[in-house]
Amino acid sequence: MDKSLVNLTAHEARDMLDRGDVSSLELTEASLERIEEIDDRVKAFVTVTRNLALEQAREADVRIAEGNAAPLTGIPMQLKDNICTHGVPTTCSSRMLEEFVPPYDASVAERLRQEGAVLVGKGNLDEFAMGSSTENSAFFPTHNPWDLERVPGGSSGGPAAAVASGEAFFSLGSDTGGSIRQPGSLCGIVGMKPTYGLVSRYGLIAFASSLDQIGPLTRDVRDSVIVLNAIAGHDPRDSTSIEFQPPDYTAALKTDLKGMRIGVPKEYFVDGMESGVEEATRKAIDVLKSLGAEIGEASLPHTSYALAVYYIIAPSECSANLARYDGVKYGFSEQDADSMWDAYEKTRQRGFGPEVKRRIMLGTYALSSGYYDAYYLKAQQVRTIIRQEFESEFEKFDALVMATSPTTAFKLGEKMDDPVQMYLNDVLTLPANIAGIPGISVPSGLSNGLPTGLQIMAKPLGEEAMFRIAYAYEQATDWHNMTPEL
Amino acid sequence: MARITSDEVRHLSVLTRIGMTDEEVELMRDQMSNILDNIDVLNQVDTEGVEPTAHSVDVVSVMRDDEVTNDKFVDEMMANAPQRDGNHIRVRAVLD
């Protein structure tokens, strides 16, 4: 196995493919060998699509030889297992969908297929993307490549671990409250959540429809831009897809920050933040300043309410979205039942895990008669206030920076008995979902040997400013070149 | 003291069609109560006259012609059905 091949970024692999230094088949075989070598320890994959990958790699090599390569043609990728892939099982890491084989591709999967990217498999997640550690997967937890006794974060823990450990050159995750950025941070890679509506959600198995957004997990910022270029843009099949022609985001990759105004919201240095995380974040801000950015203090006073808003809105939407799993049309179906009602109850009792049940029940409670105004309506009103506070700060600043996660990766099992402690992992990421704004996490150092992340948020459709800051910071530091020893 | 009662959890179990054992009901009661206690901080926010936000972007109804576009997937869709009878899904009787 050529270890140097699997540690390349997608754009470095692209250059080698275009020069004829390597074939897509060689890259794909290297990825598959790496999976075979380490995935019994990392557990990043629910499904490995070996034969499909080899077939797609051969097709990619033909396309490259003909001179028709797109930026991701021939590059081995993984997709989170809540993104529908035609003919390839898509489980959501749930018993409920263990046997589900989608009859169609999600829009993002279709675009990447047309682009000629090579699918090596599907990434593990917290069941239905509900969680922050990937321990809620109904199949097995994923392990952090930096320390196999620790979690990779979640819910896109499989994608983050796969990219960090060289099993795939990039992956796509979904981010409802931080599910791309937080695992990106905990695994030492780049995780990016686009503006709500920039990337089609068609074929993404729904969790909380007003918050969910698909985005890339990559080894560096340039790859993040290349993958976003491939998947962004209007899709008539998603009614929340915005009518917007995305620019070529590679134009944002500049190494100076002269004239950029960057705000540091004081509320994001939260109680309980690990000292190494705070230190890395403050040092990163110094780097941004040295690159020419004007740094100022920002304030988002209602930040501390975002978690409560999220834990009403996300469960409420989830309780509606997951009502469809009734054991009738597709998915797990309990046949040993006395009646239709009994079959529903047993199907959902056995098909869903504890966290999914908790959220369905919490959401049903929040939406039920007598509680709607006190919980759901109230949360939507506070959502407005949080959004307005961001809008007001984005009149003063081009972007806001903060840590991605208050801590580095924690031990497997450490927070599983206390849902509220687990929810606190997302306290710095979920405000971006509530406001619908883009956010990216880039590696910002190590704290006790574990990766930390710097988060950059921008206004809606402000991806260019966000990428420019992320890229300039990355290029001025060496953190993105760190790889875990496995 | 728990914020919600075991009976309320049992009622939610009916509404959500999630069967639960007595043990599961008790655990859910305690965990939900704890979560709801943490959500109470929202009562500190003055939201008088604030419009609710359902979506962070303006959502408009998307219209298209009523044409069948997924007919070529029939076999693959039906292959996912738990109980199949030709191109029909077999269901349980609604009324006994």
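Predicted model: local features only at pLDDT ≥ 70, side-chain atom pairs only at ≥ 80, totals over all residues.
For finding your way around, residues are numbered from 1 along each chain as its sequence is written, chains are lettered from A and ligands numbered from 1 in the order in which they are written, and side-chain values use heavy atoms, leaving out hydrogens and water.

**The two domains of chain A**

- Domain 1 covers 3–249 and domain 2 covers 305–370; these bounds come from an automatic or database domain assignment.
- Their centres, taken over C-alpha atoms, sit 27 Å apart.
- On the domain 1 side, M96(A), M130(A) and F207(A) lose the most area to domain 2, together 41% of what that side buries.
- Counting contacts (heavy atoms within 4.5 Å), 19 residues of domain 1 touch 21 residues of domain 2.
- Polar contacts do turn up: nine residue pairs, both at pLDDT 80 or more. Such a contact is a pair of N or O atoms within 3.5 Å; within protein, one must be able to donate a hydrogen and the other to accept it, and residues adjacent in sequence count only if both atoms are side-chain atoms.

**Where chain A meets chain B**

- Chain A and chain B bury about 5000 Å² between them, 65% of it on carbon and sulfur atoms.
- Chain A puts 65 residues into the contact and chain B puts in 53.
- There are zero salt bridges between chain A and chain B, but 23 residue pairs are in polar contact, both at pLDDT 80 or more.
- Several helices of chain A give two or more residues to the side that touches chain B, among them helix 10 (306–321), helix 11 (340–351) and helix 12 (354–367). Helix 13 of chain A gives the most, with 11 residues.
- Helices (H or I, at least four residues) and strands (E, at least two) are DSSP runs, numbered from the N terminus.

**The sheet in chain A**

- Picture 11 strands in an open sheet, in the order 1-3-2-4-6-5-10-11-9-7-8, with mixed pairing. Two strands pair if DSSP finds at least two bridges between them.
- At the edges are strand 1 (45–48) and strand 8 (294–298), each pairing on one side only.
- From one strand to the next, the twist averages 30°.
- Strand 2 (residues 76–80) and strand 3 (residues 118–123) pair in the parallel sense over five bridges, and K80(A) has G123(A) in strand 3 as its bridge partner.
- Helix 3 (residues 24–42) lies across strands 1, 2 and 3, running at about 20° to strand 3. Axes are lines fitted to C-alpha atoms, for helices over the stretch in contact, and angles run from 0 to 180 degrees between N-to-C directions.

- A cis peptide bond joins G154(A) and S155(A), with omega about 10°. S155(A) lies in the loop between strand 3 and helix 6 (157–164) of chain A.
- F128(A) isn't a glycine, yet has a positive phi of about 55°; F128(A) lies in the loop between strand 3 and helix 6 of chain A.

Technical notes. Buried area = accessible area lost by both parts, 1.4 Å probe. Salt bridge = Lys/Arg side-chain N within 4 Å of Asp/Glu carboxyl O.
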